[in-house]
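The sequence and structure come first.

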Amino acid sequence: MPVTDNPVEALNTALLWLDYAGVAVFAASGALVAARHKQDIITFGFFAAITGVGGGTLRDLLIDAPVFWVQRPGYIMVCLGIALLAWFLAGFNWRFRALAWLDALGISAFSVVGAAKALSLGVHPFSAMLMGIFTAIFGGVIRDVLAGQPNFIVRREIYISATILGAGLFVGLRLVGLSFWPAGLAGFGAAFALRAVAIVYGLHLPSFGQKSPHESPHEDKLS
Amino acid sequence: MPVTDNPVEALNTALLWLDYAGVAVFAASGALVAARHKQDIITFGFFAAITGVGGGTLRDLLIDAPVFWVQRPGYIMVCLGIALLAWFLAGFNWRFRALAWLDALGISAFSVVGAAKALSLGVHPFSAMLMGIFTAIFGGVIRDVLAGQPNFIVRREIYISATILGAGLFVGLRLVGLSFWPAGLAGFGAAFALRAVAIVYGLHLPSFGQKSPHESPHEDKLS
Amino acid sequence: MPVTDNPVEALNTALLWLDYAGVAVFAASGALVAARHKQDIITFGFFAAITGVGGGTLRDLLIDAPVFWVQRPGYIMVCLGIALLAWFLAGFNWRFRALAWLDALGISAFSVVGAAKALSLGVHPFSAMLMGIFTAIFGGVIRDVLAGQPNFIVRREIYISATILGAGLFVGLRLVGLSFWPAGLAGFGAAFALRAVAIVYGLHLPSFGQKSPHESPHEDKLS
């Protein structure tokens, strides 16, 4: 564990809270996708759980850590509670706008949590940054693939960039010696700010299509 | 291993038989999807194998057990044999109806097998129930995602509910002290009965659409 | 390690080079899919990385080896470099034809690398062959699922067959005592030759549709 100067106890407690918060907001986004597709309560629970724990599950498999929720049923129970709440509260117009903002909170929290967990287990800093990114985006990827809807990766808006900024800043600040909380808050804040600006102004990076006018027979597939 | 009162030998033998049976019926369902899409014999084998072992593979990764089929080639060979059989036998009208019933047998067996394996490795009972559910449904999820067809999660019929009933009943009966076989038969029977009723009568839980009349621009995506 | 007669050092060096080569060509195929869908530079990198390391990641999870790129950031950096190159070079007509040939090189290299790594860790030879196949095809499967395009499994062309030939020949030759390089070159060459013939002549195996004229309401789903 080359870059943890905090006591492990404190780190774990901090991670645990951020982790539960991230899981909860992602669970809400999963449940809202189920609502959008007019699913039943069981499917609400399924999508809440898959979306809530999917990214962290992939992270733990990749870094060979015990999958975080298997021996801690609380995580899945939080997801199921959120699904139940969403079932009773989601029938309002604010839900679609809420989805984007919940998701923004979730990816910002998970960018930091995913990277922090990997760092604390001695994973190479570059890969630890990747783990932050994967933790942040793969819950949503799995949600979208299973719901049969276009996933955000193929949409054109600043999204992955926000997780790169958040995870990269956190890992960089830890490497130069900052302690967990300031580094974590900086990473979280930067990711959320960038994503918020992208949501409000519909920002996106230049796409390959804007750069090259060459057409292909496949290009309308995702338009 | 808090809840195994059976000798491990007997448990393993029982699990092994149920496991092979579940793998075989799921392999058949995978091969029938390949038939439906008019694939070649290699793809029959591929879908049979993926569907047959997919759910159990996810379970083993999540609970950090060695993936069950890697050092036991018999599992994949059973899948390939089933694929070959399906190639020669599947050109009949009964195949589409057969698919639902094979699948019903498979999810009932795997609800119990998945939960039993997790329990026998000391996994928390709540998560062991989840492992039964995941083992039962993820072979089919992977099959449907790879075949590019809408997966059952977004269809509106009692399906996951049957696996919850089967895995939950099995784990509950084991927790109150019942031995493997009666608990297993009760779980298997309850899951199969509920799924059979759903197939015959087209039962489904109330959906979010029936509860809330609010419309969204995305709702026809899966209709 | 029953079938490694080479010094492990030599094997590892050979594997490492083949592995980087396979990762690089798959990364290129991933970046070209991003180009086809007119994505931004971040998504180029994402698809390059996912496609480059996806198959090997699944292999390592299945055989319970440390995921190969996590502690070696070079792999992902190669992918990102390739994505950057593709961003500046991909706007030409040759790119779609190039995709098929890069992919052919990639599956041939990975058929051998995947099987060799599994054999060297003592995995059963039959499963080692499967690992070669999985390593070769799952990067592309994940790429296609995430890009929302029909994956090659459901297309009708000799593809998986080439990986079976390559991985099977390599494992067979190793089992009868051949050393790594001749066995590896034979496997690589056979896989590439078969795939090349399939690309040039559009070869495919007989499909279930040609064998059985029975129609189903679902069959046009993938036509």
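Over all chains, the structure holds 12 salt bridges, a salt bridge being a side-chain nitrogen of Lys or Arg within 4 Å of a carboxyl oxygen of Asp or Glu. This is a predicted model, in which local features need pLDDT of at least 70, side-chain atom pairs count only at pLDDT 80 or more, and totals for chains, interfaces and linings use all residues. Residues are numbered from 1 along each chain as its sequence is written, chains are lettered from A and ligands numbered from 1 in the order in which they are written, and side-chain values use heavy atoms, with hydrogens and water left out.

| Pair | N to O distance |
|---|---|
| A:Asp60 and A:Lys117 | 3.0 Å |
| B:Arg143 and B:Asp103 | 3.7 Å |
| C:Asp60 and C:Lys117 | 3.0 Å |

In chain C, Asp60 belongs to helix H2 (residues 41-62) and Lys117 to helix H4 (residues 94-120), so the pair ties together parts 57 residues apart in sequence. Helices here are DSSP runs (H or I, at least four residues), numbered from the N terminus. Both C:Asp60 and C:Lys117 are buried, where buried means under 20% relative accessible area, exposed over 50%, and partly exposed in between (1.4 Å probe, protein chains only).

A:Asp60 is buried at 0% relative accessible area, and A:Lys117 is buried at 18%.

A:Leu84 lies in helix H3 (residues 74-89) of chain A and is partly exposed, at 45% relative accessible area.

Terms used:
Helix = DSSP H or I, 4+ residues; strand = E, 2+ residues; numbered from the N terminus.
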